[in-house]
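Please look over the sequence and the model below. Keep both at hand while reading the report.

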Amino acid sequence: MEHHKTAEAGEVGRLRTDQEAYREAFGRFLAGTDETAATHAYLRGVVERLPARRVFLDVGAGDGTTTRFLAPWFGRTVCVEPSAPMRRALARAVPQAEVVGEAVDAARVDARADLALLSHVLYYVPRVRWAATVARILEWVAPGGLLLVLLQDPGNACMRMVHHFTGHRFDLRELAGELAALPAGLVAGSGLDVVPACYRSRDLEETVMVAGFHLSVPGGPPVAREAVEAYVRRHFGDGEGGYAFRHDQHVLRVERGQ
């Protein structure tokens with residue numbers, strides 16, 4: 001398998017979103033974390049408070065895990081997903097979804113969503129393009145609709161590791177401060193929530209693979225596998241022969257103007 005080739009090469013953090021190895025590492029991460037349950041509980045509360053549930057737009061839908069959870073509440077589901085392996089998984093998970101296969105800046109979306117989701121996508125978007133990306137997605141949101149932008153809390157254990165090895169830092173609070181500069185009428189209001197999450201594993205090799213998945217940010221340097229394993233042992237050991245790290249999420253709620 002491809003991730004074994006990466007390990008044999010002595011480097012981690014080189015996965016690309018269009019690789020099957022990326023999807024496998026992502027699946028291992030999801031299997032070991034409570035993120036999905038915590039996120040879905042949060043999203044359910046958001047959906048139940050929506051005044052309308054006609055269209056759901058999932059930008060960067062991935063393998064469709066969250067798309068499948070939310071789709072039954074809406075009359076129509078539209079997804080934007082540029083990764084071919086992820087689109088194949090998405091088609092299996094949510095066969096009724098309409099799927100656009102381009103990245104946000106090239107995508108054509110014929111929808112006005114009551115809820116749009118941009119979950120853990122901005123790691124792969126240049127920082128200078130964050131506000132423009134949000135503005136483009138808001139054009140696909142109905143007046144009074146809601147866009148949710150999710151990224152990890154930059155102060156959690158996982159993101160401290162990412163910063164340690166790559167120098168990258170991703171902070172939605174900075175984006176929140178830029179919303180006022182978007183075109184007039186796009187944003188009616190915003191707020192920031194926190195959704196807790198923790199990854200746990202009894203397997204060192206799997207934990208290193210998952211760490212490599214998180215280190216696979218564009219522009220990040222290759223990282224020696226031995227260095228990542230040493231970091232995992234030192235910082236993520238749970239004292240009981242296993243490994244754990246927090247990866248709490250920030251959720252930026254952006255309400256579309258009328």
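This report covers one arginine, the nonpolar cores and the cysteines.

The model is predicted.

**Arg54**

Start with Arg54. It lies in the loop that links helix 3 (35-48) to strand 2 (55-59). Arg54 has a relative accessible area of 52%, so it counts as exposed, the cut-off being over 50%. Leaving aside residues up to four places away in sequence, Arg54 touches Phe74, Gly75, Arg76, Asp114 and Ala142. With Asp114 there is also a side-chain polar contact of 2.6 Å. Val208 is 154 residues from Arg54 in sequence, and their C-alpha atoms are 42 Å apart.

**Nonpolar cores**

The largest nonpolar core holds 65 residues. Those touching the most other members are Leu57, Val109, Leu122, Leu147, Met161 and Val228. Helix 9 (residues 204-215) gives this core its largest share, 7 residues. A second core of 15 residues is separate, and includes Val47, Leu50, Leu148 and Leu150.

What does Val109 touch, not counting residues up to four places away in sequence? Its contacts are Leu57, Val78, Val80, Val100 and Trp140.

**Cysteines**

How many disulfides does a search of the whole structure find? The count is 0. Cys158 is in no disulfide, and the nearest cysteine sulfur, that of Cys198, lies 11 Å away.

| Residue | Relative accessibility | Class |
|---|---|---|
| Cys79 | 0% | buried |
| Cys158 | 0% | buried |
| Arg54 | 52% | exposed |

Cys79 and Cys158 count as buried because each has 0% relative accessibility, where buried means under 20%.

Conventions: Residues are numbered from 1 along each chain as its sequence is written. This is a predicted model: local features need pLDDT of at least 70, side-chain atom pairs count only at pLDDT 80 or more; totals for chains, interfaces and linings use all residues. Side-chain values use heavy atoms; hydrogens and water are left out. Helices (H or I, at least four residues) and strands (E, at least two) are DSSP runs, numbered from the N terminus. Buried means under 20% relative accessible area, exposed over 50%, partly exposed in between (1.4 Å probe, protein chains only). Contact means heavy atoms within 4.5 Å. A polar contact is a pair of N or O atoms within 3.5 Å; within protein, one must be able to donate a hydrogen and the other to accept it, and residues adjacent in sequence count only if both atoms are side-chain atoms. A nonpolar core is a set of buried Ala, Val, Leu, Ile, Met, Phe, Trp, Tyr and Cys residues joined through side-chain atoms within 4.5 Å. A disulfide is a pair of cysteine sulfur atoms within 2.5 Å.
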